[in-house]
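User: I have a two-chain model open and want to go through it with you. Can we take it one question at a time?

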Amino acid sequence: MEDLSFHHPVRERAGGIRQSAIVGVVASGNLEVLVERVLPDAECAVEIKTAAMGFGEVWSAVIGDFVERYSPGGLKFSINDGGARPDTVSLRLAQAVRLIAGSDR
Amino acid sequence: MTSWRNNRAARDARIAAGAGLAHGKVVEAPDATRLLEAVIRPGDRVCLEGDNQKQADLLSRALLAVDLSKVNDLHMVQSGVVLPEHLDLFDRGVAKRLDYAYSGPQSARIARMLFGGKIELGAVHTYLELFARYFIDLTPHVALIAAVSADRDGNLYTGPNTEDTPTVVEATAFKDGVVIAQVNDIVETVPRVDIPADRVHFVVKSDKPFFVEPLFTRDPAAITEGQILTAMLAIKGIYAPYGVQRINHGIGFSTAAIELLLPTFGERLGLKGRIATHFALNPHPALIPAIESGWVRQIHSFGSEVGMDEYIRARSDVYFTGPDGSLRSNRAFCQTAGLYACDMFIGSTLQIDLQGNSSTVTTSRIAGFGGAPNMGADARGRRHPSEPWLKAGAEADPDSPAPLRRGRKLVVQIGETFGDKNVPLFVEKLDAIELAEKLNLELAPVMIYGDDVTHIVTEEGVANLLLCRTAQEREQAIRGIAGYTDVGRGRDRSMVALLRERGVIRRPEDIGINPLDADRNMLAARSIKDLVRWSGGLYAPPSKFRNW
C-alpha cells in the first residue's frame with residue numbers, strides 16, 4: 001500500500017450544490033472515488049490509498065491534467081485504488097465531478 | 001537412363017508399405033503408429049495439420065509414439081504449433097526442424113525450446129507465406145490431416161472448420177506426397193465432398209472428435225468502458241469519414257466492442273449500410289447483433305467458431321455454406337481476401353514503438369504471426385479503387401497526380417495505453433528486437449511494420465499517421481496519444497498541439513465524443529446470454545461461456 005496526497009490551487013469553484021458523491025468500486029484494476037464539497041472554492045485536494053507502489057509520478061501527471069481540465073474548486077477527492085490504469089482513474093475522477101455537479105440523472 | 005518419375009515411384013512405395021495395414025484405405029486407430037512408421041522416412045517434410053483451431057490430435061499422438069530407428073529428424077511444416085504433442089516431437093527426437101506460423105498456447109514453451117536448441121528453426125511465417133512455400137520449397141512429403149467424416153473411398157467432409165486442409169492437400173497430393181486423414185466417422189455418403197478421394201491415401205477413424213478450441217469468443221461482460229471509448233473513437237473518427245465497408249477485424253475486446261456498438265452508437269450516427277457491410281472474419285458471436293440488425297451483408301471465414309453452426313446454417317445469406325448447409329471456411333482464400341479485398345484491418349497488439357512498429361512477442365513468449373501481417377499490410381499488388389483506399393492514398397501523398405497515385409489500405413491499431421497488469425502499450429524499444437538478438441535471428445519478429453500502420457486509436461484520441469510528413473512528426477503523433485505511459489509523458493507538448501491543429505491527432509472532443517458517454521449500456525449485448533437471445537436461440541455457446 002502507498003498513500004499519496006496532492007493539493008492544487010484551482011481557477012474556479014466546481015458546479016452544483018450536492019455535498020458528496022461516490023463512484024466506482026474497489027476491485028482489481030478499478031478504484032473508488034469519494035468526492036466531498038468541504039474545501040474553500042479556490043482549492044482542491046486528492047488523497048490516494050493505492051495497492052500499487054511506485055507510481056507517484058504518473059498519479060501526479062494524471063491529477064495535474066484533471067485539475068487543469070475540470071477546475072474542481074472546493075472539492076476533496078478520496079481515492080481507494082485497486083491498481084487501476086491511469087485512463088480509468090481519469091474517467092472516474094471526471095465521473096465524480098459530473099455526479100457532484102448534479103447533471104447526472 | 002535418367003528417370004523423371006522417381007518421386008512418383010517413391011510415393012507408390014510408401015503407399016504400398018502402408019497398404020498392408022489398411023482395408024481399402026481405412027486403417028484402425030491402434031495401427032496408426034505402425035502406418036506412420038511404414039509411410040514416413042527419416043528427414044521427411046511432414047505437415048501435421050495444426051490449424052488455428054482444428055487439430056489432428058490422434059495423428060499427433062501416433063507420430064509421437066513411432067520407433068525412432070524408423071522415423072526421426074523430421075522437418076515439420078505446419079501453420080499451428082498448438083498441442084503439447086507438437087513440441088514433444090522435438091523433445092523426443094522424432095522431429096528436428098520447424099517452419100510454422102502460429103504457436104498461441106505453446107508460445108512460452110516454444111521460446112524455451114528455441115533457446116535450448118531443441119528446435120532448429122526455419123522461420124516464423126504468416127499463414128499465406130507458409131502456404132505459398134508449400135508450393136515452392138517446403139512441399140510436404142506426408143500430410144497428416146483432420147476431417148469430420150470420410151466415406152469408404154476416402155472422400156472427406158471437413159465440416160465448418162475446413163481451414164487449412166484444402167491447401168495442405170493440394171500441395172502434398174499433387175507433388176507425389178502421401179495424405180493421411182483422421183476422421184471422426186466413416187459414413188456411407190459424406191454430407192459434401194471437401195477433399196476428393198483421389199487425393200487421400202489413408203483414413204484413420206478416431207475414437208473421439210478432433211480437438212477444436214473456441215478461440216474467438218469474447219464475452220461482452222468483460223468489455224471495459226475504456227474499450228467502449230476507443231471503439232466509439234474508431235467508428236466516428238475512422239469508419240465514418242473514410243466510409244469503410246470491407247473490413248477485417250482482429251479478435252480482441254476492442255473490436256468486439258466495435259461490433260456491439262454498430263446497432264446502437266453506429267445506428268444513431270446514421271451509418272447503417274455505409275460502413276461495415278462486408279467482412280473477412282471468423283463467424284464469432286459478437287457480430288450477431290449487427291447481423292440481426294441488418295448491418296452485415298457478407299462474411300467469408302478463415303475457420304469456424306464453436307457453437308455457431310446452427311446460426312450459420314440459418315443465415316446462409318450472410319455466410320459461405322456448402323450444399324449440406326454448413327459453413328465452408330478456407331484460411332488461404334480468406335487471408336487472400338483480407339489482403340486484397342478489404343479496405344481496412346483493425347486490431348490490437350501488445351507493444352508499439354515510436355515508429356509505429358508493433359509486436360506480440362515478449363522475451364519469454366513467441367506467439368508467431370498467424371494472419372495479422374497479411375491483413376495488416378498494404379497490398380502492393382492491388383489495382384482496384386475504392387473510396388477509403390483512394391482517400392487514404394491521397395492523404396499520404398497529396399502531391400502526386402491522382403491517376404498515378406497508389407491507394408492505401410487502412411491499417412489501424414486500437415488499444416488502451418496500458419494493458420493487463422498496467423503494462424504500457426507504447427515502448428521505446430520492442431521486446432522483439434531483444435529476442436532477435438538473443439536467438440541470433442536475422443529479422444526481429446515484427447507483427448506489423450510501422451510504415452504499414454495508418455492510424456493508432458487509444459482512449460486519448462486518434463493519430464492519423466498518413467498525415468505525418470517526417471519521422472519526427474510520426475514519433476510525436478504516437479507520443480501524443482500514448483497517455484500516461486513513459487512514451488506519452490515524454491511528448492513535446494508544443495509539437496503535439498500543432499499536430500492536433502492539423503488534425504493529425506484528434507481528441508475525443510475533436511471527434512464530438514464525450515468520454516463520460518462511454519457506458520456499458522451502449523453495448524447491443526452485455527453478456528453471452530444476450531448474444532444467445534439476439535440469435536433467437538441458434539447460438540449454442542460452449543460450457544465455459546455459460547454462467548446461467
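User: How far apart do the C-alpha centres of domain 1 and domain 2 of chain B lie?
Analyst: Keep in mind that this is a predicted model. The domain assignment of chain B gives domain 1 as 28-212 and domain 2 as 220-531. The C-alpha centres of domain 1 of chain B and domain 2 of chain B are separated by 32 Å.

User: Which helix gives the most to the side of domain 1 of chain B that touches domain 2 of chain B?
Analyst: In this contact, 30 residues of domain 1 of chain B meet 31 residues of domain 2 of chain B. On the domain 1 side, α5 (107-115), α6 (127-134) and α7 (165-173) of chain B each supply at least two residues. With five residues, the one that gives the most is α5(B).

User: Is B:Asp185 exposed, partly exposed or buried?
Analyst: B:Asp185 sits in strand β8 (residues 178-186) of chain B. Its C-alpha atom lies 8.9 Å from that of B:Ala147, 38 residues away along the chain. Buried needs 20 or more C-beta neighbours within 10 Å, and exposed needs 12 or fewer. B:Asp185 has 13, so the class is partly exposed.

User: In the sheet with β12 and β19 of chain B, which strands stand at the edges?
Analyst: This is an open sheet of eight strands with mixed pairing, in the order β12-β11-β10-β13-β16-β17-β18-β19 (chain B). An edge strand has a single partner, so one side is left without a neighbour in the sheet. The strands at the edges are β12 (298-300) and β19 of chain B.

User: At what angle does helix α8 of chain B run to β16(B)?
Analyst: Helix α12 (residues 331-340) of chain B touches β10 (246-249), β11 and β12 of chain B, at about 125 degrees to β11(B). Helix α8 (residues 225-242) of chain B lies across β13 (344-347), β16 (410-414), β17, β18 and β19 of chain B. Its angle to β16(B) is about 170 degrees.

User: Which residues of helix α16 of chain B are buried?
Analyst: Look at what covers helix α16 (residues 471-479) of chain B. The cover of its buried residues includes β17 (455-458), β18 (461-464), α17 (486-489), α18 (493-501) and β19 (505-506) of chain B. The buried residues are B:Arg474, B:Glu475, B:Gln476, B:Ala477, B:Ile478 and B:Arg479.

User: How many residues does chain A bring to the contact with chain B?
Analyst: Chain B contributes 12 residues. They divide into four nonpolar, four polar and four charged. The number from chain A is 13.

User: Which residue is the bridge partner of A:Glu32 in β5(A)?
Analyst: Chain A has an open sheet of five strands in the order β1-β4-β5-β3-β2, with mixed pairing. There, β3(A) is joined to strand β5 (residues 75-81) of chain A by seven bridges, running antiparallel. The partner of A:Glu32 is A:Asn80.

User: Which residues is A:Ser28 in contact with, leaving aside its neighbours within four places in sequence?
Analyst: UniProt, in an unreviewed entry, places "modified residue: O-(phosphoribosyl dephospho-coenzyme A)serine" at A:Ser28. This serine is in the loop between β2 (20-24) and β3 (31-37) of chain A. A:Ser28 is exposed because 9 other C-beta atoms lie within 10 Å. Its contacts are A:Gly82 and A:Gly83.

Note on methods
Residues numbered from 1 in each chain as written. Chains lettered and ligands numbered in written order. Predicted model: local features only at pLDDT ≥ 70, side-chain atom pairs only at ≥ 80, totals over all residues. Helix = DSSP H or I, 4+ residues; strand = E, 2+ residues; numbered from the N terminus. UniProt positions renumbered as here; feature names shortened; annotations may be inferred. Contact = placed C-beta atoms within 7 Å. Pairing = 2+ DSSP bridges. Domains from an automatic or database assignment. Nonpolar A, V, L, I, M, F, W, Y, C, P; charged D, E, K, R; others polar. Axes fitted to C-alpha atoms, helices over the stretch in contact; angles between N-to-C directions.
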